[in-house]
Amino acid sequence: FFKAEDGIRDFCLSRGLGDVYKRQILSRVENPQIVDISHDIAPYNSTEAAYVLKNAYKTFPNGSIHIIGVASEKTPENQHLVMFFDGHYFIGADTGIFAMIKGGLKSEKMVTINIHDKIPNSYPVLEVFVWVAAHLSRNGRLEVVGKPVDQINELKDLRPIINQKGDQILGAVIYVDNYGNVITNITKNLFREIGKSRDFTINARTVKFKKIYLSYSQAIDFNLPKEDREEDGKKLALFNTSGHLELAIYKSNPHTVGSASSLFGLDYRDLIIIQFE
């Protein structure tokens, strides 16, 4: 990717922003490496963007600059921020994405961008965000583009609800991946904290799960002859690599045999309930 001493940075766009934005980066930065993280984030869906970016940024080298082009308009409630966290820079609107990326940890630096009056900003990703990214790529200081800030917005969609008896988690779907797997806002840590090793039932519309596997392949009994195995269409629940509860179908294909999303009838924000016994 890059060497910091060369002054070359990776620019990671959280949404496929098109050639016009890449041209702006190319015109302002010498030898940038531009990587599109996703072209499939739903418009204005900050929860989906936060989940994808949180799990993608760690695979990029330290010093990468991530431009978040989802719900990027500056409003009184959603200020424009720059955050330096875990060796990476993040630029975007304070829609709650920054709080999810941090995950309760403290960022090294975070500022509100206050240079809008100095830059034409008909569209912030094109003008302000690219200007800030170019500044950072030249090892510019964050203090030049804004003032330090501590309080930022959180994504309320990412907070499951625990009932008063402590025997039920009410969660929701926050993302459907390209395999049609359904990712929820229920994390492994929360499941263990509330579950306390009790038996449970996961209710997702009319579908129920009473076991959580460690991997996709663990759901298949490979000790059986191949013709006797329950493989294609096997439903399963597991905690994915990001630690979120995922509902899936073994070897699913949304374009042919179907997927967890289509066959279970689950989509963004649909209710997922875990009942402990």
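Biologist: Which residue just after α4 takes a positive phi?

Modeller: N139 does, at about 65°. Keep in mind that the model is predicted.

Biologist: What makes α4 (residues 125-137) a mostly covered helix?

Modeller: A residue is called buried when its relative accessible area is under 20%. In α4, twelve of the 13 residues are buried. Among them are V125, L126, F129 and V130, and also E127, H135 and S137.

**A loop with positive phi values**

Biologist: Where does K196 lie, and why is it called exposed?

Modeller: K196 belongs to the loop that runs between α5 (188-195) and β11 (200-204). Exposed requires over 50% relative accessible area. K196 has 60%, so the label applies. Its phi is near 50°, which is positive although the residue is not glycine.

Biologist: How do you know that S197 is exposed?

Modeller: By the cut-off of over 50%: S197 has a relative accessible area of 81%, and therefore counts as exposed. S197 is in the loop between α5 and β11, and its phi, near 65°, is a positive value in a residue other than glycine.

**A strand pair**

Biologist: Why is strand β13 described as largely enclosed?

Modeller: Four of the five residues of β13 (residues 235-239) are buried, so the rest of the structure largely encloses the strand.

Biologist: What makes β13 and β14 a pair?

Modeller: Two strands pair if there are at least two bridges between them. β13 and β14 (residues 244-249) have five, and they run in the antiparallel sense. K235 stands opposite I249 of β14. Four residues lie between the strands of this hairpin, where G243 takes a positive phi near 85°.

Biologist: What makes the approach of N240 to E246 a polar contact?

Modeller: The limit for such a pair of N or O atoms is 3.5 Å. The side chains of N240 and E246 are joined at 3.3 Å.

Biologist: Which residue's side chain makes a polar contact of 2.4 Å with the side chain of E246?

Modeller: That of Y216. Y216 sits in the loop between β12 (207-209) and β13. With residues up to four places away in sequence left out, Y216 touches N181, L236, L238, E246, A248 and Y250.

Biologist: Why is Y216 called partly exposed?

Modeller: The term covers values between the under 20% of buried and the over 50% of exposed. Y216 has 35% relative accessibility, so it falls in between.

**The largest pocket**

Biologist: What is the volume of the largest pocket, and how many residues line it?

Modeller: Its volume is about 380 Å³. It is lined by 16 residues; K54, A99, M100, G103 and L158 lie nearest its centre. α3 (97-102), β10 (182-187) and α5 each supply at least two residues of the lining.

Biologist: How does the lining divide by residue type?

Modeller: Six residues are nonpolar, seven are polar and three are charged.

Key:
Residues are numbered from 1 along each chain as its sequence is written. This is a predicted model: local features need pLDDT of at least 70, side-chain atom pairs count only at pLDDT 80 or more; totals for chains, interfaces and linings use all residues. Side-chain values use heavy atoms; hydrogens and water are left out. Buried means under 20% relative accessible area, exposed over 50%, partly exposed in between (1.4 Å probe, protein chains only). Contact means heavy atoms within 4.5 Å. A polar contact is a pair of N or O atoms within 3.5 Å; within protein, one must be able to donate a hydrogen and the other to accept it, and residues adjacent in sequence count only if both atoms are side-chain atoms. On a 1 Å grid over the protein atoms alone, a cavity is a set of points where a 1.4 Å probe fits but cannot get out, and a pocket is an open set with protein on both sides within 12 Å along at least five of seven lines; lining residues have an atom within 4 Å of a point. Grid points are joined across faces, edges and corners, and a volume is the space filled by probe spheres set on the points. Ala, Val, Leu, Ile, Met, Phe, Trp, Tyr, Cys and Pro count as nonpolar, Asp, Glu, Lys and Arg as charged, and the others, Gly among them, as polar.
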